[in-house]
Every structure is written in C-alpha cells, then in structure tokens.
Amino acid sequence: MVPRFLLVLFCLFSLSAAAAEPLTLVCDIWPPYQVHGDQKVSGFSTELIREVCALAGIPITVIHAYPWKRALLMLETDQVDGLFSANHTEERTRFALYPTLPLVKSPWVLWARRDAPHAYAGLQDLRGQRIGVVRGYSYTPAFWEALTQSDSIIEEAPSDEVNFRKLSAGRLDLAVAELHNGRFLLQQEKLENLKPFPLHPIKTDGLYLIFNKKRVPQETVDRFSESLRAFKDSEAYQVLYNHYFRENLLTLPPSPEG
C-alpha cells in the first residue's frame, strides 16, 4: 500500500505535471546502479529516479546509456536534461544543478584476497603494500598522502576488473573499488577468493541525478529534491534498496541519512 503522505505529494505535484517538459536523461552502465538488460536501462539509480520523477510529476522521455565521458559531455554541451549517477564536484556546478540530497551514498573500500595474512583498519595499514588503483579515478587527498608517505607500491590499471584479476592472482596486495559495484564485478569475473573491508571505507560519495542549467528550471530540481526526500523516508525506498544491496546490509558501517 502506498503511504498516505506520498499520495498527497503525488496529487500536489500532478497539478503542475501537464506543464512540465519531459526529460531526456543519460547515464553510463555501472552495476548495480545502472544495469543494461532487456533492451533498456535498469538498476538501483534508474528505478529510483523513475519512482521519484513519477511522484514529482516530472515526465521522462527516455533514458540512454553511453560511456561516462560521452554522457558527461552531452550534459555539459546542453544536449540532454540530466545525468546520473554523478558525484559532486565544483567544476560540474558550472553547468549542472544539484538536488539537495543524493540518490544514495556510495562507499569506496579496499579489497584483498581471503587468505591474506593482514587486515585493514585504516590508512596506516597501507605501508609496504602493492595497491591497485584505476587510472583517471579520483581518490581522497588523505589516501594519496598515505600512499606517498609510505613505501607502498602504486599500480595503475585501466579498470577495476583488471585490478581484481591481478589481486586474485597474487600480483597485488590490495585494490580500491566501490563496494557494491565491486561485488557485482566479482560475480561477473567468478572471483571467489577476494573480500572487501567495508567497515573502513577510504571515502563515501553521494551519487546524484544532476540537471542541465540551461534546459531544466530550478523549480523542477526543487520538486525532484522534495519528492526524493519523501520517497527515501518510505518503506518503498527500503524495499528497493534491499533488492539491490541486501548482501551488503550486515557489513556496511552506519552513515547519516543524506
């Protein structure tokens, strides 16, 4: 049963839906947030955005998936209305409007082989380790400082998949990857000898649907924010979250609601 407050919100926003311009949205494929299957894009972020836009009375024309750099360029050059799942950067605020809260928090953690003799409890444990990172990814200044001030060996790779294969084969001691996407990749690569350290993330990013400043009015972004906040307080949000992330629920550290 749909909660009463969501029905009230839906009725209020439906009054202005007829005047709202349908949105053209783009994303990349990054399971489980964006998943390509059955000739359409699904996944946690995609389903959440569809639910929230319906609640806000914001129609969506289409959601297309492209490589990340192309999708970001399409938003920056005013070709599309929105892009997800994007983290917050000052550079993007030049051309994008951010909602007041993210779709979800995204933890980035270290991974090791299950038979590894060492545990990881913080950046101080990186000393002397061979650590795999992905070329072009952003990590925290504290993480880079810990690496450069220790005798760690940093090895760059073109993708998380390459790092996981090297880690599985014993050519790395640790690798950095997003927790939920990492679990998906391990299943895809059939690598059963790796484990994450989820209680000590090196960073936690908010993932957003961001809107093109020239194509989408602030009022639409505000309605999306209000509806997202209301939906995240509902049982329906928890059901959706559990569907995609249930295997991580017992290993994630508590975090403030975003």
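Residues are numbered from 1 along each chain as its sequence is written, and side-chain values use heavy atoms, with hydrogens and water left out. Local features of the predicted model are given at pLDDT of at least 70 and side-chain atom pairs at pLDDT 80 or more, whereas totals for chains, interfaces and linings use all residues.

The protein has eight helices and twelve strands, these being DSSP runs numbered from the N terminus, with helices (H or I) of at least four residues and strands (E) of at least two. Of its 258 residues, 50% are buried, where buried means under 20% relative accessible area, exposed over 50% and partly exposed in between, with a 1.4 Å probe and protein chains only. The accessible surface comes to about 13000 Å², and carbon and sulfur atoms hold 54% of that area; accessible areas come from the Shrake-Rupley method with a 1.4 Å probe, and for residues only the protein chains shown count as cover. Among the contacts (heavy atoms within 4.5 Å) that have a separation of 6 or more, 75% are between residues 24 or more positions apart.

The largest pocket holds about 700 Å³ of space. A pocket is here an open set of points, on a 1 Å grid over the protein atoms alone, where a 1.4 Å probe fits and with protein on both sides within 12 Å along at least five of seven lines, and lining residues have an atom within 4 Å of a point; grid points are joined across faces, edges and corners, and the volume is the space filled by probe spheres set on the points. The pocket is lined by 21 residues, of which Asp 28, Trp 68, Arg 92, Trp 108 and Tyr 137 are the closest to its centre. Two or more lining residues are given by each of helix H3 (68-76), strand S5 (82-86), strand S7 (104-113) and strand S12 (203-212), and the largest share, three residues, comes from S12. By class, the lining has nine nonpolar, six polar and six charged residues, with Ala, Val, Leu, Ile, Met, Phe, Trp, Tyr, Cys and Pro counted as nonpolar, Asp, Glu, Lys and Arg as charged, and the others, Gly among them, as polar.

In helix H6 (residues 179-189), the buried residues include Leu 179, His 180, Asn 181, Gly 182, Arg 183, Leu 185 and Leu 186. The cover over the buried residues of H6 includes S7, helix H5 (160-168), strand S10 (174-178), strand S11 (194-196) and helix H8 (235-245). At the N-terminal end, H6 is capped by Glu 178, a side-chain oxygen of which lies 2.9 Å from the backbone nitrogen of His 180. The side chain of Glu 178 also makes a polar contact of 2.8 Å with that of Ser 106, a polar contact being a pair of N or O atoms within 3.5 Å in which, within protein, one must be able to donate a hydrogen and the other to accept it, and for which residues adjacent in sequence count only if both atoms are side-chain atoms. Ser 106 lies in strand S7 and is buried, because its relative accessible area is 1%. Leaving out residues up to four places away in sequence, Ser 106 touches Trp 30, Tyr 33, Glu 178, Lys 203, Thr 204, Asp 205 and Leu 207.

Most residues other than glycine have a negative phi, and most peptide bonds are trans. A cis peptide bond with omega of about 0° joins Pro 31 and Pro 32, and Pro 32 lies in the loop between strand S1 (23-27) and strand S2 (35-37). Another cis peptide bond joins Phe 84 and Ser 85, with omega of about -10°, and Ser 85 is placed in strand S5.

Glu 156 is placed in strand S9 (residues 153-157) and counts as partly exposed, because its relative accessibility is 45%. Neighbours within four places in sequence left aside, Glu 156 is in contact with Val 133 and Arg 135, and a polar contact of 3.5 Å joins the side chains of Glu 156 and Arg 135.
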